Amino acid sequence: MLHYLLKRLLGTIPILFGITIITFIVIHLAPGGPAETQTELNIRASQEARENLKRLYGLDKPLHVQYLTWLKRAIRLDFGESFVDQRRVIDKIKERIPITLSINIISMVIIFLFAIPIGVLSASRRNSFFDRLTTLFVFAGFSMPHFWLALLLMILFGVELGWFPISGIQSIETADMGFFERVLDIGRHLVLPVSVATLGGIAGLSRYTRSSMLEILRQDYIRTARAKGLPEKTVIFRHGLRNALLPAITILGLSVPGLIGGSVIFESIFAIPGMGQLYYSSAMARDYPVIMGMLVIIAILTLLGNLIADICYALVDPRIRLGGKER
Amino acid sequence: MRSLRRAWLFFRDNPVGAVAFFIILSISSLALLAPYIAPYSPTEIDVENVLSPPSPEHPFGTDELGRDVLTRMLYGARVSLSVGFIAVGIAVLIGIIIGAIAGYYGGMIDAILMRFVDIMLTFPTIFLILAIVVIVEQSIWTIMVVIGLTGWMDVARLVRAEFLTLKEREFVQAAKAIGVSNFKIIFRHILPNSLAPVFVAAIFGIAGAILTESALSFLGFGIKPPEPSWGNILTSGKDNIEVAWWLSLFPGLAIFITTLSFNLLGEALRDSLDPRLRKNNQ
C-alpha cells in the first residue's frame, strides 16, 4: 500500500510541473507580454502595479529565467497582488476555498447516493420502464445546459413559487438567528445551486454504474451465486454491487474537474461567494494575477481529488493494495 | 450506393438515431436559411415592443431592446452550429496527430505525450478557456480555436488505443517489410482503420462544444451582443428573470434539443459500430 501510495505521489510531480508550464504559457499568450497587455487593458493598474508586474515576471530576462523566477514564487504560493484591491492573491483565494469545497463535497455525496442505486436498479431491471426512464434522464442530464437549468429553477422555485432564495449563501439578517436556524437558512440557499451542480454527475455516474453492473451480472460468479439459490437481492447487492462500486470511485474522482468547472457557472448565477465566482469576477475585471494564481490552485485541487479517489480505490481493491507489495 | 444502403440500414435499426439526425438536419437548414426566413432583423431595435410576451407577431416574444427572439435564435443557430463543427474539427485534428504519434511510436514519445494529456485533463476546461479568452481578442474564431485546443484529449486517447492494437497487425507489418514510410503507414494504412470511434467521439464532442460556447456567451466571454447567440440571449433572460420568462425558456430549449440530438445520434452510432454492444443487446 505504502509502495503504491509513494509511486502515485511521485507520479504527480511531473504533472505539477506541467501545470505550471501551461499556466506560464497562457500568461505569455498575450502579445507584448503580460505586463503590457495587462496594464493596458486594465485602467485600475497603476504605474506602480506595472513595475511590480515586470518584477514579478522578470520580463527583461530570457524566457526560461522568467519561468524559473515565476516558479520560485509560485511554489511558495506567492502569485502577487490583485489589480482590483491590491490584496495578496493567495489570501483572496484562500477565503473562497471553503465554500466551494463544501458545496462540491456535498454534491459528490449526493451524486453517489443517487447515482449508484439508480444505476444498479436500471441494470437489474434492464429494459423495464424504470430503465427507459433513467436512460431518458441520463441523456437529458448530459444535454442540458446547466446555466439554463439554473435559470428555469430560479424562475419556477424562486420567482413563481417563492420556495427558495435565488441568490447568495445566507439571508441578510442572520444576527438574531440561532445556530440551527442559520444552518437551515444556508441549506435553503443551497438547494437550487446543489441541484444544478449534481445533475450532470448523477447522469454520468448512474449511466456508468448501469453499464459496469450489466458487465458484472454476466460474470460466472454471479451465475454461481444464482445457481446456488441465493435470493436475487443478495446476488445484486452483495455480489454485484460491491464490484460495481470500484470503478464508480474512479469515475467520481474523474468528475472533480467537471464539478469545480461547474462552480464558475452556478456560483456566478446564484451569487455564491466561492472560487467560481471569484474566477468569474476576476476574468470580468481582467485581474490577471488572480486568474493565474487560481489556475494553478484549481489544477492542484483537481489533482488532489484524483489522488484521493485513487487512494480510496487502492484501499478497497486488494489487487492494487497487495499488488504493490509483491513487486 | 453502398454507403446509402448502410445509412438506410442504420436508420432502420436506430429510429432514435434517425429522429436525432433529422432534427440536426432541420436545425442546420434553418440556420443556413436564417437571412431568408427570419421575420425581422436580428439587430434592429424596436422601442415600442420592448419585452413583449409571445404573440402571433412575435411567437417567442421580444427582448429588452424590442428585437424578435425567434429571429435572433435563427441567427444564433448559425453561431452555435458553426462553433460546434469547427471547434470539434480542430480538436479531432490535434487528437488524431497526437494519438497517432503516441500510439505508433510508443516508448518515450508515448509516455511524454500521454503525460501531457493527463496535465491538460487536470485543468477544469472552463477555467482554462476563460483564462485564454480574456487574454486574446474575443471573436467567434478565437472561441472555436480555444474550445478546440482544450477538447482534443479524448480523441487522442482513442486514436492511441486503436494504433496500439492495429500496429501489430499483419497488414502493417507487411507494409513495413516492403519499406513503406512511417508517415504513409500512419496516415494511409492505420488511420483509416481507426476512425470509427473517433467519428462517434466527434459527434459527442459537437454537443459538448455547443454547450461550452453557450455557457461562455452566457457568462459574457463568448459571442458579444448585438451579434446574437443562444447563450447571450439567455443572459438577457437572466437580467429580466422576474418579468420575461420567454427570454429564458426558448433559447435554452434550442440548445437542449440540439445537444440532445447530437448525443442521441452519437449513442446510436456507437451502438451500431460496436459489435460487442450489438451482440449484448440481443
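**Figure 1. Burial and overall dimensions of chain B in the predicted model.** Of the 282 residues of chain B, 44% count as buried. The C-alpha trace of chain B extends over about 75 × 45 × 30 Å along its principal axes.

**Figure 2. Secondary structure of chain B.** Chain B contains 14 helices and 0 strands. Read from the N terminus on, its elements follow the order α-α-α-α-α-α-α-α-α-α-α-α-α-α.

**Figure 3. The contact between chain A and chain B.** Chain A contributes 38 residues to this contact, and chain B contributes 37 residues. On the side of chain A that touches chain B, at least two residues come from each of α1 (2-28), α6 (129-143), α7 (146-160), α11 (256-269), α12 (275-284) and α13 (288-316). Sorted by class, this side of chain A comprises 32 nonpolar, 5 polar and 1 charged residues.

**Figure 4. Packing of helix α10 (residues 232-254) of chain A with α13(A).** Two packed helices are described by the angle between their axes and by the distance between the axes. For α10(A) and α13(A), the angle is about 170° and the axes lie 8 Å apart. An angle over 145 degrees counts as roughly antiparallel, and α10(A) and α13(A) are therefore roughly antiparallel to each other.

**Figure 5. Residues that meet between α10(A) and α13(A).**

Note on methods:
Residues numbered from 1 in each chain as written. Chains lettered and ligands numbered in written order. Predicted model: local features only at pLDDT ≥ 70, side-chain atom pairs only at ≥ 80, totals over all residues. Contact = placed C-beta atoms within 7 Å. Helix = DSSP H or I, 4+ residues; strand = E, 2+ residues; numbered from the N terminus. Nonpolar A, V, L, I, M, F, W, Y, C, P; charged D, E, K, R; others polar. Axes fitted to C-alpha atoms, helices over the stretch in contact; angles between N-to-C directions. Parallel < 35°, antiparallel > 145°, perpendicular 65-115°, else oblique. Buried ≥ 20, exposed ≤ 12 C-beta atoms within 10 Å, placed from the backbone.
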